[in-house]
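Here is a short briefing to read alongside the model. Please keep the viewer open and follow along topic by topic.

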Amino acid sequence: MSQIHVQTTINGDETEFLCDAEETLLDALRDKLGLTGAKEGCGTGDCGACSVTVDGRLVCSCLVLGAEAQGREITTIEGMANGDELHPLQQKFLDHAALQCGICTPGFLVAAKALLDHTPDPTETEVRYWLAGNLCRCTGYDKIIRAVMDTAAEMRGA
Amino acid sequence: MLDKTADNGEFKYVGTRPQRPDGLDKVTGRARFGADMVMPGMLVGKVLRSPHAHAKIKSIDTSAAEALKGVKAVITADDFTIDVPEAEYDTMVNCIAHGKVLYDGHGVAAVAATSQAIANKALKLIKVDYEVLPHVTDVEEACKDDAPLLHDNIFTEGLDEAPTTPSNISGRVQFGHGDVEKGFADADTIVERKFRTEATHQGYIEPHACVGNLSADGTGELWCCTQGHFMVRNSCAAILGIDISRLRVTASEIGGGFGGKTTIFIEPIALALSRKAGRPVKVVMTRDEVFRATGPTSSASMWIKIGAKSDGTITAMEGLLKYQGGAFKGTWVSLGCMTAFACYRADHMKTVGYDVLVNRPRAAAYRAPGAPMAAFAVESVVTELAEKLGIDPLEFRLQNAAKEGDQSSYGPKHRAHGLIETLETAKAHAHYDVPLGPNQGRGIACGFWFNFGGETSTSLNIGADGTVNISVGTVDVGGSRASMCLMVAEELGVPYEKVRCVVADTSSLGHNDTTDGSRTTFASGMALILSARDAKQKLCARAAKIWEIPEEAVEWVDGHARPAGPNAGEFDPMSLAEIAGKAETTGGPIAGHHEYNARGAGVSFATHMVDTEVDPDTGRVTVLRYTVIQDAGKAVHPAYVEGQFQGGAVQGIGWAINEEYIYGEDGRLQNPGFLDYRIPVASDLPMIDTVIIENPNKGHPYGVRGVGETSIVPPMAAIANSVSAAVGVRLTELPMSPPRVLKAMDDAKA
Amino acid sequence: MRFEAPSTVEAAVSLLAAESGMARVLAGGTDLLVQMKSGMSEPDLVVDIKRIEALHEITEEDGGYRIGAAVPGICLGEHEGVKTAWPGVVEGTELIGSTQIQGRATMVGNLCNCSPAADSVPAMAAAGAVARVTGPDGTRDVPVEQIAAGPGKSNLAKGEMVESVFLPARPAHASDAYLRFIPRTEMDIAVVGCGVNLVFDQDGLCIEARVALGAVAARVFIVPDAAEALVGTQVDDAALDALAAACSAAATPIDDKRGTVEFRKKVAGVLARRAATIARDRAKGSA
């Protein structure tokens, strides 16, 4: 069985890769394209460490086939900073010590950005429910939630 | 040892909250974790795992797998035949079964292939002929005389009379002092109860991963996520029969460990596959493998009895603890016995523990291993006893808290510590006075962990521009590099940003014990302080040389060498950068180092307070408010200290309410995934309030105590006390999942 | 395995019908990919239906709504019309998994996965939703509760797929609600699920009721006794007690890792009562 040729846009760059039909977008990103920022914590959509957006929608890339990326716009953690300028969420995660081991951090940042793009003024409860699909075992979430709330406030100019 | 405190010398860097050195890489996706490594020519390794809880391996036929195109190596226990030291034997057999599988998920064989798909296909082609044996997964069942026997060469140790028949009970331990019978005779009120806890998993988000590259001549390299790469090196070298000097292990960034990455599982497999295939091999566990074959903690069956006089003085404390450690001998019950009563002072204490073997994965350390379940039982009884005596549970704890000079439950006399301060702080905390609504309850509990020092080696190198590189051999699991940099900046008097810390590979430093026992900030930190003092002496010597005055006439103050007194001569202070810039002409590179077996680790106590609400119709427990108060000795980077408090508390909340290993009748794990092994999610929780107490550890120059583990000790008891108060029934089993709580409520009504 | 992404329903059906091995439809993929990864399902052909434009649509039809098979939960939740008419169905669908899952998982996929614990299905069944099934022999409409044959097994014939679900027009003084019980607040599979759909007359008397339970039998099912307990009442405490008793009695759950028989039977009644209260208050405009 020959591989599938996929043409897609990743972080604004036109990209192509070959993948097996069974191969996930996560595997394609990590193994074919060297974009290892998305992590596989579970492979079943239960941890959110592989979060990316596809055409602006937040998804677990472990539950997307690589072949489905054809013609789509994908963004990953690698596309979050603008060159050497961090996205405010990235800076706030550092300021608030919102990471310990850091394995879940890319997924949280991608998911939190999707939230703030969608809801610039979330309540704490909204942040907690939006991020419920991102597991963190180190922090107890406290500092992550604070970092997201603080970013939202700053981005609103509050 | 303690020579710098907030009182005698203001800390300039220690106690601040700067950005961590590895932070930028971690928020941009650049940080390289275990599975992120690629080596040229790399193969994919996969492990075949047992579907049976207990079975004899009659034969393994690997021929079809070997014949599959793209398969480069297949290994079984036959590839691990050398004489392995006893200390590593169980570890090896846990990685790959020798003759018998002992639990669902036990490794049986492994393949290396050119792709994941081929490796998976090859696993299916390996034919294992099993003779299924009766199994046992329950700790009490395993203790029975007619229980299926895991090993025929284990005889219970620690009995007065050596047994003649093998047993699943590998050992009996006893700790304590005084005479509990006498103590109970003196008591006016006694409470005794039985408790059960289920096994939980450390639940780190990063599955185990490694890339091994081992040549036929026994020279190799290994990249892996671990809490201790020196441990990995030594264990793998022993199992593979190679010189430890020939194996260079590099620790990747680690995606959580919590004790679960203090041993090896796939690393010798990857190396053995690599040696056979002649190419590097990457092995990454699936989440299913992580749950079935790594971790977990012990499940426990416990009995606790405590007596007190009517004035509230505890007279005797006694406990019987049975912990299963999985399919191999464990030491966890000893730690449970030693810590159970550590928060209290009583003339008569006794704990007896049994280490029990069952057909489950070999228990690994999990944050204060052995202590949380014992604390759940003890702290539940302490609160119940206080209530029976009509004394506020917090006051009762204050009255009986262990103090400096008291005989501890585990042997030595207590040194100064902050237990009383944590209790006093709880009492004064706003949380303590928040009014409670219907179906709500408040619980408090205390917790203790020893903390550890251990073998440590660090080095410090000063660059020509006056910046400082420090190398540690202790893996950074939660931001410890920031703490290392802070302590060195403090000691040398240079800005934090001028100090960079790396976790060096095993060929670059002397042996370092694993990042466990909350030892890293304490032991590597102290080694670095001493390395910096070593370097400072050399810096002073260089300044002396430049000034042409005796070395003793130079002192180091605020990042500068300066003449020690008016008689030393008139010289302008010389900065570290200035001295470093002249190093070439004054004797070459300037460095400091320190190697030792660190002593003086300070214990850490905590008091937790929690409010819960219980749905009276479904038994569902919601955590409303949570406060952690813990003694850190000295918080080097307070934000990461708070993070340790919060993270441990939330792991404890998970353990208390929903996390558990569920085994079916067939002995197979029913919930090997994050869907049904339910760790807390963000929406389950409130903010976790923290208060850092700083009662300095006299065994560390800055007073630092380990902080990482104590935080998981009190939560289950605190929540049990809270839930029991909310529903009016004492909960004695973990997890306090909705079906269990509802049943307890219904049983009480009936 | 082959991967195909046709652009019409006809082409999708042809592919599914022509495949001699196992063929699976890929909509959101949040169940299928998990099954593939675990080895539970090893399809020879996967047909991605997300390139079929029509299946992304939510259209008004006869006062009700037709929801395409490729509409993810998040889009349903953003549709004001459906949310107003069928809040219970929308909340059931929105409970499926995390935000990430919502970006992919579809109501139709949830239906076709045939899990007894599917969150959208009790709400749809209570709503009287009808699935439009298209196959090599044409198109037929099937009540949603008849799609599943048992856990993981459907009544669809080879080559058939569900292309949409129709939610009927919402009468006056009517509303619905769905509640599930899970141990955490998110990310769990329902231990019990209950959808309630109520219609009242002008005087506040319940004239029509449909109650469906999930996760307490091999399939999601309608509980006629539960409806009977409510019809002709104001859905007051006595009626709610009868409803709860009927639901607990109708539940025939199993003991498993997610809950016990005893717990599920009891909670089926508790949830029915709570869901009916919400549906009542919504219908009466007080919620």
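Two strands pair if DSSP finds at least two bridges between them. Helices (H or I, at least four residues) and strands (E, at least two) are DSSP runs, numbered from the N terminus. This is a predicted model, in which local features need pLDDT of at least 70 and side-chain atom pairs count only at pLDDT 80 or more, while totals for chains, interfaces and linings use all residues. Residues are numbered from 1 along each chain as its sequence is written, and chains are lettered from A and ligands numbered from 1 in the order in which they are written.

**Strand β1 of chain B**

- Strand β1 (residues 43-49) of chain B has seven of its seven residues buried, so it is largely enclosed by the rest of the structure.
- A residue is buried if 20 or more other C-beta atoms lie within 10 Å of its own, exposed if 12 or fewer, and partly exposed in between, with C-beta atoms placed from the backbone.
- Both faces of β1(B) are covered, with L43(B), G45(B), V47(B) and R49(B) buried on one side and V44(B), K46(B) and L48(B) buried on the other.
- β1(B) runs parallel to strand β12 (residues 281-284) of chain B, and three bridges join them; here G45(B) stands opposite V283(B).
- With strand β5 (residues 107-113) of chain B, β1(B) pairs in the antiparallel sense over six bridges, and L48(B) stands opposite A109(B).

**A helix pair in chain B**

- Two packed helices are described by the angle between their axes and the distance between the axes.
- For helix α12 (residues 393-400) and helix α13 (residues 419-428) of chain B, the angle is about 155 degrees and the axes are 10 Å apart.
- Axes are lines fitted to C-alpha atoms, for helices over the stretch in contact, and angles run from 0 to 180 degrees between N-to-C directions.
- α12(B) and α13(B) are therefore roughly antiparallel to each other; angles under 35 degrees count as roughly parallel, over 145 as roughly antiparallel, 65 to 115 as roughly perpendicular and the rest as oblique.
- On the α12(B) side, L394(B), R397(B) and L398(B) meet I420(B), L423(B), A426(B) and K427(B) of α13(B).
- By class, this contact of α12(B) with α13(B) has five nonpolar, no polar and two charged residues.
- Two residues are in contact if their C-beta atoms, placed from the backbone, lie within 7 Å.
- Ala, Val, Leu, Ile, Met, Phe, Trp, Tyr, Cys and Pro count as nonpolar, Asp, Glu, Lys and Arg as charged, and the others, Gly among them, as polar.

**A sheet and its helices in chain C**

- Four strands of chain C form an open sheet in the order β11-β12-β13-β14, with antiparallel pairing.
- The edge strands, β11 (174-181) and β14 (221-222) of chain C, each pair on one side only.
- Strand β13 (residues 206-214) of chain C is joined to β14(C) by two bridges, and L213(C) has F221(C) as its bridge partner.
- Helix α8 (residues 120-127) of chain C packs on this sheet, touching β11, β12 (192-200), β13 and β14 of chain C, and its direction makes about 25 degrees with that of β12(C).
- Helix α11 (residues 261-283) of chain C lies across β11, β12 and β13 of chain C, at about 35 degrees to β12(C).

**Backbone details and burial**

- The peptide bond from L734(B) to P735(B) is cis, with omega near -5 degrees, and P735(B) lies in the loop between α19 (715-727) and α20 (738-749) of chain B.
- F258(B) is not a glycine, yet its phi is positive, near 60 degrees; F258(B) sits in the loop between β11 (247-251) and α8 (267-277) of chain B.
- F258(B) counts as buried because it has 31 C-beta neighbours inside 10 Å.
- D62(C), also not a glycine, has a positive phi of about 50 degrees and lies in the loop between β4 (58-61) and β5 (64-68) of chain C.
- D62(C) counts as exposed because it has 9 C-beta neighbours inside 10 Å.
- Seven of the eight residues of helix α5 (residues 87-94) of chain C are buried, so α5(C) is largely enclosed by the rest of the structure.

**Chain contacts**

- Chain A and chain B each give 42 residues to their contact.
- The side of chain A that touches chain B divides into 22 nonpolar, eleven polar and nine charged residues.
- The contact between chain B and chain C takes 16 residues from chain B and 15 residues from chain C.
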